[in-house]
Amino acid sequence: MILVVEDDASISDVIRTTLEREGYVCRCAYSGSEACLLIEGGFIFDAAICDLMLPGATGEEVLAAIRAQGDAPVIVASAKSDVSQRVALLREGADDYLVKPFDLDELLARLEAVLRRKGAVVASGSGGESHGVAFREWRIDEQSRTFSAAGASVSLTRTEFDILAAFVRHPKKVFTKRELFEIVRHEEALTDERTISTHVSNIRRKLKESGTQDYIETVWGIGFKLVEE
């Protein structure tokens, strides 16, 4: 998931469309305040593309909020071209800096570079191609929303798919039930984070035939994580 923080709706739409065409999943925030609420509320993302001149919180404040929560790569995209400003942002934790207007191919290349450095998932391809990510005997494609285990397609609900997608994007992370709840709370019936355990149980049941149900490990008192080979 890529967080795009840009108050100009037209620029935000162009970035989102470009990234989604390449297989990335995006979440757009149109103000610094909205971005900070997402970040401080536990929203999980692989990288952020952030403007500096934003309504509400500034881009610098968004960067600080991201750094307070973890080490997700941040590409600052701003019309400010002053070298001292760029150096200061890089020292404050930005991973890269693009001066507007920028070439979209360059943005994609820089995004791929920071994701590789952090060991996160890099999408590839364009147009209508499939973009799958593998974990052991699982393969998940967030663009077509398909999932297979040991070569066999597995039918999942929207919530089950989103839980598995979060696991695969961050295979080393221990997810709390609250974090998973925040990811999938779009489902109206999901009114309590305790129902996450029920969804995970249903996923394990569906994976039993493939023999991969034990890929998801319960971390008692915390939540769940994937089991690497």
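Predicted model: local features only at pLDDT ≥ 70, side-chain atom pairs only at ≥ 80, totals over all residues.
User: Which residue is the bridge partner of Ile49 in E4?

Analyst: Strand E3 (residues 47-50) runs parallel to E4, and three bridges join them. In E4, Ile49 has as its bridge partner Ile75.

User: Which helix does the chain pass through from E3 to E4?

Analyst: The β-α-β crossover from E3 to E4 is right-handed. Its helix covers residues 59-69 and is H3.

User: What is the handedness of the β-α-β unit made by E4, H4 and E5?

Analyst: Helix H4 spans residues 83-91. With E4 and E5, H4 makes a β-α-β unit that is right-handed.

User: Why is E4 described as largely enclosed by the rest of the structure?

Analyst: Side chains in a regular strand alternate between the two faces of the sheet. Val74, Val76 and Ser78 point one way from E4, and Ile75 and Ala77 the other way. E4 (residues 74-78) is largely enclosed because, of its five residues, the number buried is five.

User: Which helix gives the most to the lining of the second largest pocket?

Analyst: This pocket has a volume of about 440 Å³. Helices H2 (32-40), H6 (158-169) and H7 (177-184) each supply at least two lining residues. The most, five residues, come from H6.

User: How many residues of that pocket's lining are charged?

Analyst: The second largest pocket is lined by 21 residues, with Met1, Arg27, Phe43, Glu182 and Ile183 nearest its centre. Nine lining residues are nonpolar and three polar. The charged ones number nine.

Definitions and conventions: Residues numbered from 1 in each chain as written. Heavy atoms only, no water. Buried < 20%, exposed > 50% of the residue type's maximum accessible area, 1.4 Å probe, protein only. Helix = DSSP H or I, 4+ residues; strand = E, 2+ residues; numbered from the N terminus. Pairing = 2+ DSSP bridges. Right-handed = clockwise from strand over helix to strand, strands pointing away. 1 Å grid on protein atoms, 1.4 Å probe; cavity = no way out; pocket = protein on both sides within 12 Å on 5 of 7 lines; lining within 4 Å. Points joined across faces, edges and corners; volume = space filled by probe spheres on them. Nonpolar A, V, L, I, M, F, W, Y, C, P; charged D, E, K, R; others polar.
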